[in-house]
Amino acid sequence: RKAAEGGNAPARRTLGLRFFNGEGVPQDFRRAYYWFNLAAADGDREAGMWRDCVLPRLSHEDVAEIQDRIRTADRSTEH
């Protein structure tokens, strides 16, 4: 989790997979999508495939909320 939070794309994908499968954490498709989306934005193509796989399990509102959360986090790290 620390590496994922630090921006490591493969770690972000791995954390997304853990949430997707419920491995060591409760299964949570919203969190899986969040981490897959971040990893895909960093160029991880496999994460993009997983993101697209979890997408049908989420509502449009879920997706909009997660994307807004990502944008808000991006703005807070700008200098």
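The model is predicted: local features require pLDDT of at least 70, side-chain atom pairs count only at pLDDT 80 or more, and totals for chains, interfaces and linings use all residues. Residues are numbered from 1 along each chain as its sequence is written, and side-chain values use heavy atoms, with hydrogens and water left out.

**Helix α3**

- Helix α3 covers residues 29-41; helices here are DSSP runs of H or I with at least four residues, numbered from the N terminus.
- The 13 residues of α3 should span 18 Å at 1.5 Å a residue, and the end C-alpha atoms are 18 Å apart, which agrees; the expected span is 1.5 Å times one less than the number of residues.
- Buried residues (under 20% relative accessible area, with exposed over 50% and partly exposed in between, using a 1.4 Å probe and protein chains only) in α3 are Ala32, Tyr33, Tyr34, Trp35, Phe36, Asn37, Leu38, Ala39 and Ala40.

**Ends of the helix**

- Asp28 caps the N-terminal end of α3, with a side-chain oxygen 3.0 Å from the backbone nitrogen of Arg30.
- Asp28 also forms a salt bridge with Arg31, the closest N and O atoms being 3.7 Å apart; a salt bridge is a side-chain nitrogen of Lys or Arg within 4 Å of a carboxyl oxygen of Asp or Glu.
- Asp28 counts as partly exposed because its relative accessibility is 22%, and Arg31 is likewise partly exposed at 43%.
- Just after α3, Gly43 adopts a positive phi of about 100°.

- The structure holds six salt bridges.
- Asp62 forms a salt bridge with Arg30, with the closest N and O atoms 2.7 Å apart. Asp62 lies in helix α5 (residues 60-76) and Arg30 in helix α3, so this pair ties together parts that are 32 residues apart in sequence.
- Arg30 forms a salt bridge with Glu65 as well, the closest N and O atoms being 2.7 Å apart. Glu65 lies in helix α5 and Arg30 in helix α3, so the pair ties together parts that are 35 residues apart in sequence.
- Arg30 counts as partly exposed at 29% relative accessibility, and Glu65 counts as partly exposed at 48%.

Conventions:
Helix = DSSP H or I, 4+ residues; strand = E, 2+ residues; numbered from the N terminus. Polar contact = N/O pair within 3.5 Å; in protein donor to acceptor, adjacent residues only side chain to side chain.
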